Amino acid sequence: MVHAGYANKSNSQLMSDTICGSVLNGSVVVLLYSSIPSHSYLRLASSTSLSLGFYRVPTIAVGLREDELNKKRLYPTLVTSTPSFADESSVFLQLLTTLNYGQVSLITMRGDSNGLRFAQKLINNAKLHKIHVQKQIVLDGNSNVTQLNESLTQHFEEITSNVILLFAIKKDAYRLFSICDWLLKGKVWIVNEDASEAINAPNGLLAPQLNLDMEEAMRDSLETLRNGLEVITGDEQPPISCAKKRDQWTNQDSPRILK
C-alpha cells in the first residue's frame, strides 16, 4: 500500500524511491488509499498509477471520482470502484424525469474536466429521457464579479427554461451564488453535491447526496480486489524492481487479473 504521505515527493522521487524502491516488490495488485481525500492524494494516485501502468501492475485507487483517471490510454491498469463525478449526470436525468421537467439549461465552468465530461454524458443521454437541454453555458471561473454577472445576463436573455442545472466545484459555486440573486428567484436549481456544500447555497435547491465516505469506498475496493484475486494461480511473475519487465506478467498474468 502506498500512503498519501508520499505525495509531497516530486514525480521523479516518487518513481525512484517509492515505486522502484518498495512498491514493485512482487505484489500482484497495489491498493492506494488515504483516509481523507485531497489534492495531494489525487496527485499521488495519478503519478503512481501512471508509473505502475508501465509495468502492468493492477492498481486500485480508493474513493477517487475524477473522470481523468478513467482514461485507459494513460492509466491502463487503474481500477476505481467509485462512480466518477460525471456519473452524477444519470442521477440528474432520473430526478428530472421523476419531476417531469422536460427543458433545462446547464451551467458548467471552463477548465473543469469533470464538469466537461458531466455535460457530455448528460447531453448525450438527455433525449433518451425526453429532456431538452436548451443551452449549455460555460463560465470562466477566473472572471471578476462584473464579468461573470454580465455573462450570465447575456446568456439568460434568450433562455426560457426555469430549470437550471449546475456542475461546479464548491469554490466556483460560492462565487456564482454570491452574484446571481436575480437568477435564483423563480427558478429551480439542481446542482451537484460539491456545489451544494457552498456555505451560501440558497435554500430550496436540489442536489443528489452520494453519501460515500472513505470507509464505504474501501469496502467496495476490497470487494473489487477479492474478485481479482480469485484468478490468482500462484505461478504469476509480477515485477520485483524497475530494472526489467517480465514478458509473462505483461502479456498473460496482468491481463488475466484485470479482466
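**Figure 1. Asp 253 is found in helix H10.** In this predicted model, local features need pLDDT of at least 70 and side-chain atom pairs count only at pLDDT 80 or more, while totals for chains, interfaces and linings use all residues. Residues are numbered from 1 along each chain as its sequence is written, and side-chain values use heavy atoms, leaving out hydrogens and water. Helices (H or I, at least four residues) and strands (E, at least two) are DSSP runs, numbered from the N terminus. With a relative accessible area of 3%, Asp 253 is buried; buried means under 20% relative accessible area, exposed over 50%, and partly exposed in between (1.4 Å probe, protein chains only). Setting aside residues up to four places away in sequence, Asp 253 touches Asp 235, Glu 236, Gln 237 and Gln 248, where a contact means heavy atoms within 4.5 Å.

**Figure 2. Cys 20 and Cys 242 form a disulfide.** Their sulfur atoms sit 1.9 Å apart, and a disulfide is defined as a pair of cysteine sulfur atoms within 2.5 Å. Cys 20 belongs to helix H1 (residues 11–23) and Cys 242 to the loop between helix H9 (214–229) and helix H10 (247–258), so the pair ties together parts that are 222 residues apart in sequence. The disulfide is left-handed because the torsion about its S-S bond is about -100°. Cys 20 is partly exposed, at a relative accessible area of 26%. Another cysteine to look for is Cys 180, which counts as buried at 0% relative accessibility.

**Figure 3. Strand E2 (residues 30–33) is covered on both faces.** Val 30 and Leu 32 lie on one side, Leu 31 and Tyr 33 on the other, and all are buried. Strand E2 runs parallel to strand E3 (residues 59–61), and three bridges join them; two strands pair if DSSP finds at least two bridges between them. Follow Leu 31 across to E3 and you will meet its bridge partner, Ile 60.

Figure 4. Of the 259 residues, 42% are buried. Among contacts with a separation of 6 or more, 70% come from residues 24 or more positions apart.
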